[in-house]
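Hi everyone, thanks for coming.

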Amino acid sequence: HNNAKSFVYIHNSVNENAGKLGVISLIKSNKNNNEKFKEFGRKLSMHIAASNPLSIDENSLNKDLIEKEKNIVHEELKSSGKPENIIEKISKGRLTKFIQENTLLNQYWVMDPKKKVKEIMQDLNMDLYIIDFVRYKIGE
């Protein structure tokens, strides 16, 4: 990837390169602002460590996982005795919330919880793209 850089964040580090939780994020920018770019990369990796997203956006979220969540919510609501049309509305809202909470671009930014990650990226005006990330926690 042209202009792509990776950022590493180690949480609870025992020494410089070892800890219980690590994140590698790969991002790119089509604008040259090295310090701003590096700062965003570090903060993004910290955000990923704290928020544990499952994917970058809804399109990259595992479809089986969405279906499983949909079924869990539907069954839970069905046993409540609510009418089917109400169940559908509540299910849709809960699924939307699940997607927002588990997709990186739609999560609320840990350092500014009033804004989503995608809004922070737009505000920086750096033509930023998140290409990939890996979050690894010992024991998971």
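Predicted model: local features only at pLDDT ≥ 70, side-chain atom pairs only at ≥ 80, totals over all residues.

Residues are numbered from 1 along each chain as its sequence is written, and side-chain values use heavy atoms, with hydrogens and water left out.

So, the helices. Two packed helices are described by the angle between their axes and the distance between the axes. Here the axes of H1 and H4 come within 12 Å and cross at roughly 175 degrees. That makes H1 roughly antiparallel to H4 (the label for angles over 145 degrees). Which residues of H1 meet H4? Lys36, Phe40, Leu44 and His47 do, against Val117, Ile120, Met121 and Leu124 in H4; contact means heavy atoms within 4.5 Å.

Now the asparagines. Asn52 isn't a glycine, yet has a positive phi of about 45 degrees. You'll find Asn52 in the loop between helix H1 (34-51) and helix H2 (63-78). Asn125, also not a glycine, has a positive phi of about 50 degrees, and sits in the loop between helix H4 (117-124) and strand E5 (128-137). Are they buried or exposed? Asn52 is partly exposed, at 33% relative accessible area, while Asn125 is exposed at 52% (buried is under 20%, exposed over 50%, partly exposed in between, with a 1.4 Å probe and protein chains only).

Last, the patch. On the surface, Val8, Ile24, Val134, Tyr136 and Ile138 form a nonpolar patch with about 520 Å² of accessible area together. Val134, in strand E5, is partly exposed at 49%.

Technical notes
Helix = DSSP H or I, 4+ residues; strand = E, 2+ residues; numbered from the N terminus. Patch = residues over 30% accessible without salt bridge, like charges linked within 9 Å, V, L, I, M, F, W, Y side chains within 5 Å. Areas by Shrake-Rupley, 256 points an atom, 1.4 Å probe, with all protein chains shown as cover. Salt bridge = Lys/Arg side-chain N within 4 Å of Asp/Glu carboxyl O. Axes fitted to C-alpha atoms, helices over the stretch in contact; angles between N-to-C directions. Parallel < 35°, antiparallel > 145°, perpendicular 65-115°, else oblique.
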